[in-house]
Structures are given as C-alpha cells and as structure tokens.
Amino acid sequence: MYSHRDLVVWQRAMNLVDTVYDLADSFPVRERFGLASQLTRAVVSVPANIAEGRARSTAKDFANFLVMARASLMETDTLLTVALRRKYISEDAAKTVSGEVVAISKMLSSLRSKIIGKRTDHD
C-alpha cells in the first residue's frame, strides 16, 4: 500500500500550488476576492482530488477523482490565461506554469490509464 504522498503527480501538483499562490500574491488588491481566490481554490483542488481518490476503496473511484483533478488543472490553466491577458503575470511566468500544467496533465492521464487498464476516456 502506498500513500498519495508517494505519487510523483501529487508532489508536482503540490509544487504547482506553491507557484500559483506566489503568483496570486502579486495580483492587484481588487482581485484578492475575485480571480486570485478562484485561482488558488482551483489549484488546491488538483492535489486534493488526487489524495481523496487515492483514499477511495476502488480503482474506478480513484480514476474518477483523477478526472476531477485534471478538470481542476484545466480550470487553473484557464484562470492563469486570464491573469496573463490582464497582465497580472508575465509571459515568462505563464510559460513556466503552462509547461508544468501540461506535464501534470499527462501524468494524471497516464496514471488513470494504468489504474483502469487500457480503456480510453470514452469507455
């Protein structure tokens, strides 16, 4: 038995949380309860869903929580794009975070595939 803490994807998602919180801290004060709040909630949901899914009793449940983690990751990506368009973050920061989002997304998909076997998302 292994813990969610042993999963590299969970560890990477936790690192992304730190990065996104640091970025959100630089947003204008008027965004504290708007975009910054929504962004930090979304990014925290990624490792939280991985952990919750890992604690479930069936592989199907875990796989479903990995789908939710990926959905929260895509929400995070979209909100970061909004922040970039509003010029709250730099192009360099956006590229760095975007690369990590892509990597984590691939890891979530790969882990899900391993858990459910060779079935596709459409099965």
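**Threonine 40 and its surroundings**

Author: Start with a side chain: a polar atom of threonine 40's side chain sits 3.1 Å from the backbone oxygen of serine 37. A polar contact is a pair of N or O atoms within 3.5 Å; within protein, one must be able to donate a hydrogen and the other to accept it, and residues adjacent in sequence count only if both atoms are side-chain atoms. This is a predicted model: local features need pLDDT of at least 70, side-chain atom pairs count only at pLDDT 80 or more, and totals for chains, interfaces and linings use all residues. Residues are numbered from 1 along each chain as its sequence is written, and side-chain values use heavy atoms, leaving out hydrogens and water.

Reader: Where does threonine 40 lie?

Author: In helix α2. Helices are DSSP runs of H or I, at least four residues, numbered from the N terminus.

Reader: Is threonine 40 buried or exposed?

Author: Buried, because its relative accessibility is 11%. The cut-offs are under 20% relative accessible area for buried, over 50% for exposed and partly exposed in between, with a 1.4 Å probe and protein chains only.

Reader: What does threonine 40 touch, not counting residues up to four places away?

Author: Tyr21 and Ala24. Contact means heavy atoms within 4.5 Å.

Reader: At what angle do α1 and α2 pack?

Author: About 170 degrees, with the axes 9 Å apart. Axes are lines fitted to C-alpha atoms, for helices over the stretch in contact, and angles run from 0 to 180 degrees between N-to-C directions. The two helices α1 and α2 are therefore roughly antiparallel (angles over 145 degrees).

Reader: Which residues of α1 and α2 meet?

Author: From α1, they include Trp10, Leu16 and Tyr21; from α2, Leu39, Thr40 and Ile50 are among them. By class, this contact has 17 nonpolar, one polar and no charged residues.

Reader: New topic. How many residues has the largest nonpolar core?

Author: 34, and Leu16, Phe27, Ile50 and Leu108 have the most contacts inside it. Such a core is a set of buried Ala, Val, Leu, Ile, Met, Phe, Trp, Tyr and Cys residues joined through side-chain atoms within 4.5 Å.

Reader: What does phenylalanine 27 touch?

Author: Leu35, Ala36, Leu39, Ala83, Tyr88 and Ile89, not counting residues up to four places away in sequence.

Reader: Where is lysine 87?

Author: In the loop between α3 and α4. Lysine 87 counts as exposed, at 71% relative accessibility. Its phi is positive, about 65 degrees, although lysine 87 is not a glycine.

Notes: Angles under 35 degrees count as roughly parallel, over 145 as roughly antiparallel, 65 to 115 as roughly perpendicular and the rest as oblique. Ala, Val, Leu, Ile, Met, Phe, Trp, Tyr, Cys and Pro count as nonpolar, Asp, Glu, Lys and Arg as charged, and the others, Gly among them, as polar.
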